[in-house]
Amino acid sequence: MLEPGRVLRPGEIGLLATVGRAEVAVHRRPRVAILANGDELVDLDRFDEVRAGRRIVNSNSYGLAAAVRAAGAEPLLLGIAADDAASLRAHLERAREADLLITTAGASVGDHDLVKEVLESLGFALDFWRVRMRPGSPFSFGRLGDLPVFGLAGNPVSALVTFEVLVRPAIRKMLGRREIHAPTVRAVAAERIPGAGRLTHFPRARLEPDGRGGWLARLTGPQGSGILTSVAAADALLVVPEGIAAIEPGEP
């Protein structure tokens, strides 16, 4: 009646009841731990320090938690770890009960990267660091035992874009979904869309019907990696291949 990998929506549930199947085998929703890192970060209960210009609000944890839920998983917020080994270790130990770990900031994987140092003290093995994309180039992936660890950049736009491109497919794979990548469509540029040199560029855009059964793509304003309004106003990521200086108006 239903092949593996089908999401159980209202129609599928009704169909199962119709044929008398009270129980079916399903994939458990993965638990995704989310860790923010940095002495400069505070949570919403200390927003007065943000207003005073002394701190930065931890928006990444909330944006990523919403993205995790939208992907079908359960977020586990680990809070904000300070820039010290003891704090990081205490927070990371709580991720042992998760199926996947996301860290934000501390993604430089350089000689002085404390997150990497503490992870390695717990048995972390790095698979790769840096990807040829913008935003979000300083992205890392490795494993802490059987726990996959995705290291995202601290800039809010970079974190959400790399989640969409690189983390969401992993979650969908863990959910047993047949289609793990977001659908792609061809569109025509409604304005000049810059490339990113040797990197694949993922600018945020809105799609509009072109009146001929296709789509027009228009940028959502300034595209800086700290400008979250570019994400909030978007319903698509454009894919501008590496080596293209720009896509001009009217070009696909």
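Analyst: A contact means heavy atoms within 4.5 Å. In this predicted model, residues 24 or more positions apart account for 65% of the contacts with a separation of 6 or more. Residues are numbered from 1 along each chain as its sequence is written. Because the model is predicted, local features need pLDDT of at least 70 and side-chain atom pairs count only at pLDDT 80 or more, while totals for chains, interfaces and linings use all residues; side-chain values use heavy atoms, without hydrogens and water.

User: What percentage of the residues is buried?

Analyst: Buried means under 20% relative accessible area, exposed over 50%, and partly exposed in between, with a 1.4 Å probe and protein chains only. Here 39% of the 252 residues are buried.

User: How many helices and strands are there?

Analyst: Helices (H or I, at least four residues) and strands (E, at least two) are DSSP runs, numbered from the N terminus. This protein has 7 helices and 16 strands.

User: How should I read a sheet?

Analyst: Strands of a sheet pair through backbone hydrogen bonds, either parallel or antiparallel. Two strands count as paired if DSSP finds at least two bridges between them.

User: In which sense do β10 and β14 pair?

Analyst: β10 and β14 (residues 215–219) pair in the parallel sense, over 2 bridges. A189 has A217 of β14 as its bridge partner.
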